[in-house]
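Biologist: I'm new to this one and would like to talk it through. Could you put it up on the screen?

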Amino acid sequence: MNHKTYSTFFIFYFIFFYCHCQNSITGTVLTENGVPIQNASVYLENTNIGSSTNKEGTYHISNVPVGDYTLNASLIGYSIQKKKISISNTPLVIPFILSQEQNELNEVVVSSKSSSQKLKETAYKPEVVSLQKMQITSTSTIDIVGQLSGVRIRKQGGVGSESTIMLNGISGKGIRTFVDGIPIDLLGSGFSLNNISSNIIKQVEVYKGLVPVKFGTDALGGVINIETQNRYKNYIDAFYTIGSWNTHQAGIGIKRYLDKNKKQFFQVDGFFNHSDNDYWMHDVDIVVDELLNTEKGKAKRFNDKYTSFLGRAQYGFQNVSWADDFRVILSLSDITKEWQHGIRAVSPWGEVHGGNRDFNSIISWKKRYNNNLKISGLLGYNLLKWEIIDIAPKNYFWDGTYTDKPTKGESGFDIEGRTPKINTESFFGRINVNYKLNDNHSVDFTNLTSYREIKGHDKAGAATYKEDFYTNPQNFTKSFFGLSVESKAFNKKLTNIFSLKYHYMKSHIANLKEDNTFTNYIDNQYNLLGYGDVLKFSFSPNISTHLGYEYTLRLPDSDELFGDGITVSPNPNLNPEKSHNINLGLEYKALQNKLIIATTGFYRDTKDQMFLNAVTRGVSIYDNLLHTEAKGVEGTITAIPIKNLTLFFNATWQDITLKDTDKYGNIEARHIGSKIPNIPYLFANTGTTYNIPNVGIDNSRIELSYNNNYVHEFFLAWEEDGIAASKAKIPTQFIHNASIGYVFPNDKYSINLECRNFTDQLAYDNYLVQKPGRSFFLKLRMYIN
Amino acid sequence: MLRSKTNLIIISFLSILLYSCSSDDDKIIEPTKPVKEKDTYALLTAVKGGTFNYSLYLQTMDNLTKTKDLDNKNATEIVAETVTGVYQYDGNFYTNLYFTPERIEKWSLNEKQELTKQGSISLGELGYQGNVYFKDKNTAFVGGPAGTKIAIFNPETMTKTGYIDYSSVSRIGEVTNYPNQGDKINIQAPSEMIVSGNYLYIGFCFLNDFQTYTPASPTADILVVDLTKIDPSSADNSNAIVKWISNDKGNSVGSWNSGFGAKFMITDEKNDIYLLSHNYWGAVNIGKPACILRIKSGQTDFDADYYFDLETASRGIGNPVMNLEYAGNGIFFATSNDITAINPDDPYSYYQDPIAQWYKFDLHDKTATKVNDEYTQGSYASCVYFEDDKAYIPFKTKTKSYIKEVNINTLESKDIITAAGIPRVFKLK
């Protein structure tokens, strides 16, 4: 598509932006004792329309379309209250009286009937983590996600390090990440899970295996969606964290309504991360004499600094006649990063570094019509400039000493250095339409279309590739069309969602020979259809089951097609991954949701998995290699045994085995049925939080928190080869984290001290890459509204 | 209740009685099982991971006479997910991890014939090190393309003791006008070495471009070092450098760790050196046939009178010959790549498909005889074990890995070991 076509395409989206008439609701929210409740959320169920109470406990919601609604009033620590209302042309006054919950469940565990709980109750059964109450701690977003059932995060190091998400047997790029429903790869790396600050996040949703069409994605094994803060109030939220390894993190979020009716707003969010990541590496080679003899010892990482900044500004309107929510979003992120090593940590890199800068602009619009039709659309543009510099002709040792080598670049011996400097431009647009046919049937339609083009140069790399193929533009276009029909029956005890997903892709990508020399550009085109059905049945309010099947497809993404400019070369001939996913789950709630037990079994049959395949010593390409079968079960228990104490436990067992050999014969047929090596198969998380209220000051509290992560040992190579005791393995790990915090009344100020890995256990991931040992973080937070 | 208890007691007693009268009582008690004799052989297998990496497994075997189907359940994993050459010296095994982490590790069998790691040396300063040469229990040599030094290490204690510094005769930057006018040597890699008499002969591979393995010189080049002047504990030893010798009939010398430690330089019974100049690094055929060149014992120059064109003698010009597995009396075995068997649509075909056949060559008669019609993955299944008049030759196809026992004289053969991975046989000390 050329730019003219895109302009026409984007204009098409704007035709949905027009006006409509609305009405208002006002009222108060009080405690049972008649005390006004400040900051309570009052909102219309299944809409984006809402407000919050002021210090007098009053609220005002204007421009509500005519129709029947459920109006909810909620605040953490209080039971939610719902009222059926009917909006006509007369203003309504609806008062609420909220009762304090006897035991307030930690939001990780999910409080009663919060928005996250409602989401969990959909047929897709996503795992939902509300971060509202976790924002006093310094736990990173990715570590929070890693505590969820069925999720295993595999990191390459400390702050900002590369990380891989494994979700119910599928990992890596098979899991797509979104921010506010927009794919991260269209927003830029500033929003990636290993960078984004938990303070700008409202909640994280994890869809496992079966993905709603609303995301417009080709995720193979699931979706992680980050919902950022969107409070209906003026506020300032700021924090600063100082920690081990010279780690500094700071952030601020400000929202200001520009008129008294709260229709027009301006919001800015931003955060800064820095860490030297110079934690100790144990059992590495340390030079002990001038002959470069080495002994095993410990050394600090020395080329792993990470600094990032992200700033985002939003200006928009809420609850106006022509939009429930309209906003223009501009964001800028900048990351500078050093690379300490490649996929393994055995030989360090001393000078490899690089960075990227993203500029992003989005226009988003949402509108509900007559309570039956909801439409949302967005348009976006992203410019990513990235570079990597790897030209040092040196071999480093872990103590920082080095010797010369005859070729440039540390990332491979047989390369001649890399200096890719690339611009990536992305244009994207999405439209979602939800139409409620009647009380029991609704239809969802989503289209997401994106165009990406990369262009730049790699002057040093040209010596390797024999031609600088980045100087000519390479591009791909992806388009997704999804349609789903949701049906309810048996008094809404049964919910069924059938979906069809059509994927289109066209690409123009450089082709390299196996010796990494450039040959030509190759054009490819794909047309694929996926489909699925999910079903949920509630036997009673406390017992429900869900069953889902989906034939999912994943198109190759930017890194896989274009390469990463350093260790991954382009591959224009990649085929889409395909997977048959089945989930079967059961959930039981008791004691007024103070005890929740859930379990899900899953099955995945995944073909043409794109696997990073080493072509030469320094260069890899993604290739369609693996056909695997994954079976597993995960279970979760959440409980509030006594007042102010919450507990959670989750565990996952999975058996990911080889189902068939690859087309090249890379893997021997005798491994069929064997566990895929270097993938954990048993892992668990446990956590508890205890609040001590009213310490020193009324409505203050001390929060004590403890959690642990357990991963059972797993082998680096095929399990059936070799005596177990002799095999290289990633050992069993049991990492403990704890924190203590003091929160002033109304969460206005908080101070929190966190110790991660307090037993200082050696922690590993992937190819025995060591992760940080014991570390401390002190976080100060201020929240004013 | 009482009755139930009584019944339970009776049943229990009956059970004990029956158990005590089980069929075991009827068996003749065997004498104490004799302590198992120590195994005399070892089987190494290389198992491919998901990438170009391999894991290596070593297990002992009692004989080579009975047909065996061996998995790796009782084998020791000595290398996980990388690439390596394996050598046996003085009863110990040495893994030369030349990719990551650039290290040599020593493995020994204990009294219980269990393999244990006995030490390692780090060789990051050499980068992509070549084959190791073990001179004696206390001295071994290894080189690599980084820097201009050959490391000397003690294989007993696994410590580096010194270097041979050849920077004074380094050829980096030397204009060779190959492959194009003005081109020069950018990489000089000591790929393999051998001792004959008082000299250490270091075979080099000169590259113009490492990425594509493009040679920088269409010659076979060797650096000759005077062993009598080597002080193993010196970091210099530059005074021991004798000279470069070159032969324009071949290109490059040594196997540079190919085939899990195959060697392309051997000495015969007269201590003459024969070396295979294969002219085919990285599947880049420079247009000369693979050949055998000779350096006579005690000499410091190539023997201008000896040249053996292996391609003409075997499958024909254009079909490269790899490996030099010397059986004695002038006989060696090598693989001939059938270039018509390479799948042009598969970029990995050269490395992974069975495209080679084993041949028996005679250094004296300069003849070649095909061992059999079976194809093998020649680039990895490359190391042959010889005993009496038998050659134990590894084969690897798409579906099977096995050792074939071949009569060196008659070439009669039979499959003797089926293995779980590319196999190689060793004799234990």
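This is a predicted model: local features need pLDDT of at least 70, side-chain atom pairs count only at pLDDT 80 or more; totals for chains, interfaces and linings use all residues.

Biologist: Where else is the pLDDT below 50 in chain A?

Modeller: Over residues 102-112 of chain A, a stretch with 38 contacts in the model beyond near neighbours in sequence. Still, the mean pLDDT of chain A is 86, and 91% of its residues reach 70 or more.

Biologist: Which elements of chain A have the lowest and the highest mean pLDDT?

Modeller: Helix α1 (residues 3-14) of chain A has the lowest, at 43, while strand β44 (residues 749-756) of chain A has the highest, at 96. Chain A holds 6 helices and 47 strands.

Biologist: What makes a residue count as buried, and how many of the residues in chain A are buried?

Modeller: A residue needs 20 or more other C-beta atoms within 10 Å of its own. In chain A, 51% of the 785 residues are buried.

Biologist: And how many residues does the contact take from chain A and from chain B?

Modeller: It takes 48 residues from chain A and 47 from chain B. β36(A) gives the most to the side of chain A that touches chain B, with 3 residues. That side divides into 19 nonpolar, 14 polar and 15 charged residues.

Definitions and conventions:
Residues are numbered from 1 along each chain as its sequence is written. Chains are lettered from A and ligands numbered from 1 in the order in which they are written. pLDDT is the predictor's confidence in each residue, from 0 to 100. Helices (H or I, at least four residues) and strands (E, at least two) are DSSP runs, numbered from the N terminus. Two residues are in contact if their C-beta atoms, placed from the backbone, lie within 7 Å. Ala, Val, Leu, Ile, Met, Phe, Trp, Tyr, Cys and Pro count as nonpolar, Asp, Glu, Lys and Arg as charged, and the others, Gly among them, as polar. A residue is buried if 20 or more other C-beta atoms lie within 10 Å of its own, exposed if 12 or fewer, and partly exposed in between; C-beta atoms are placed from the backbone.
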